[in-house]
Each structure stands twice: as structure tokens, then as C-alpha cells.
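Subject: Structure for you to look through, with notes

Dear colleague,

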Amino acid sequence: MTLQQLEYIVALDKHKHFVTAAEHCFVTQPTLTIQVKKLEEEIGVVLFDRKKHPLQTTTAGAAIISKAKTILREVTEMKHLVG
């Protein structure tokens with residue numbers, strides 16, 4: 001699990017669209033898709049229901065994304081402390 005993957009799932013949750021989330025993260029859509037899939041495989045949880053349009057976050061995904069937002073916020077605060 002990487003901070004980058006956490007940023008990707010937060011962006012995907014916000015934008016509900018792979019291309020838009022990828023653009024927001026300044027990566028290609030395939031890059032974002034691959035990293036989200038790798039994260040899902042690593043943690044053993046499906047984060048997004050890809051059959052729904054717009055994309056929907058699963059119940060388990062919502063809990064993980066909430067934690068990801070907290071982690072990213074904490075990292076930003078830490079960077080401010082040392083920077």
C-alpha cells in the first residue's frame with residue numbers, strides 16, 4: 001500500500017470516474033486503474049462497484065477511503081511540521 005494509491009482511491013471516490021480521477025492525479029487512466037486494482041488485491045477488498053454508473057464506492061470501500069483521507073491529512077500535517 002502506498003500513499004499514491006491512497007491518493008488515487010480518494011480522487012476516484014470524489015470524481016466517480018476513472019478518467020477524471022486520473023486527470024486530477026496527473027496520471028493516465030490505465031495507471032490509476034492498475035494501481036487501484038493492485039491495492040484492492042493487496043487488501044482483499046473491492047473498493048468500487050465498477051458496474052454502476054457513475055462509479056459507486058462499496059460499503060467496505062467507504063470505510064477504507066475515510067481512513068485514507070485521515071492518513072493523507074496526517075502526512076500533509078507532518079510535511080508542514082518539518083518543511
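This is a predicted model: local features need pLDDT of at least 70, side-chain atom pairs count only at pLDDT 80 or more; totals for chains, interfaces and linings use all residues.

Residues are numbered from 1 along each chain as its sequence is written, and side-chain values use heavy atoms, with hydrogens and water left out.

**The core**

Let me begin with the largest nonpolar core, which has 19 residues. By a nonpolar core I mean a set of buried Ala, Val, Leu, Ile, Met, Phe, Trp, Tyr and Cys residues joined through side-chain atoms within 4.5 Å, and the word buried stands for under 20% relative accessible area, with exposed for over 50% and partly exposed for what lies in between (1.4 Å probe, protein chains only). The residues with the most contacts inside this core are Ile9, Leu12, Leu32, Val36 and Phe48. Two or more residues each are given to the core by helix H1 (3–15), helix H2 (18–25), helix H3 (29–43) and helix H4 (59–82), and the largest share, 6 residues, comes from H1. Helices (H or I, at least four residues) and strands (E, at least two) are DSSP runs, numbered from the N terminus. As background, nonpolar side chains tend to be buried together in soluble globular proteins.

Which residues does Leu32 touch, if those up to four places away in sequence are not counted? They are Tyr8, Leu12, Phe18, Ala21, Ala22, Cys25 and Val27, where contact means heavy atoms within 4.5 Å.

**Helix H1 and its partners**

H1 has 13 residues and reaches 18 Å from its first C-alpha to its last, which is close to the 18 Å expected at 1.5 Å a residue; the expected span is 1.5 Å times one less than the number of residues. In this helix Gln5, Leu6, Tyr8, Ile9, Val10, Ala11, Leu12 and Asp13 are buried, and the buried residues of H1 pack against H2, H3, strand E1 (48–49), strand E2 (56–57) and H4.

The axes of H1 and H3 come within 9 Å and cross at roughly 105 degrees, where axes are lines fitted to C-alpha atoms, for helices over the stretch in contact, and angles run from 0 to 180 degrees between N-to-C directions. H1 and H3 are therefore roughly perpendicular to each other, since angles of 65 to 115 degrees count as such, under 35 as roughly parallel, over 145 as roughly antiparallel and the rest as oblique. At this crossing, Gln5, Tyr8, Ile9 and Leu12 in H1 meet Thr31, Leu32, Gln35, Val36, Lys38, Leu39 and Glu42 in H3.

Asp13, also found in H1, is buried with a relative accessible area of 17%, and it touches Phe48, Thr57, Ile65 and Lys69, again not counting residues up to four places away in sequence.

**Loops and backbone**

Most residues other than glycine have a negative phi, and most peptide bonds are trans. Against that background, Lys16 has a positive phi near 60 degrees; this residue lies in the loop between H1 and H2 and is partly exposed, with a relative accessible area of 28%. Phe26 also has a positive phi near 60 degrees, lies in the loop between H2 and H3, and counts as exposed at 78% relative accessibility. A cis peptide bond, with omega about 0 degrees, joins His53 and Pro54, and Pro54 lies in the loop between E1 and E2.

Thr58 lies in the loop between E2 and H4, and its side chain reaches the backbone nitrogen of Gly61 at 2.9 Å. Leaving aside neighbours within four places in sequence, Thr58 is in contact with Val46, Leu47, Phe48 and Asp49.

**Two more residues**

Glu74, found in helix H4, is partly exposed, with a relative accessible area of 44%.

With best wishes

Definitions and conventions:
A polar contact is a pair of N or O atoms within 3.5 Å; within protein, one must be able to donate a hydrogen and the other to accept it, and residues adjacent in sequence count only if both atoms are side-chain atoms.
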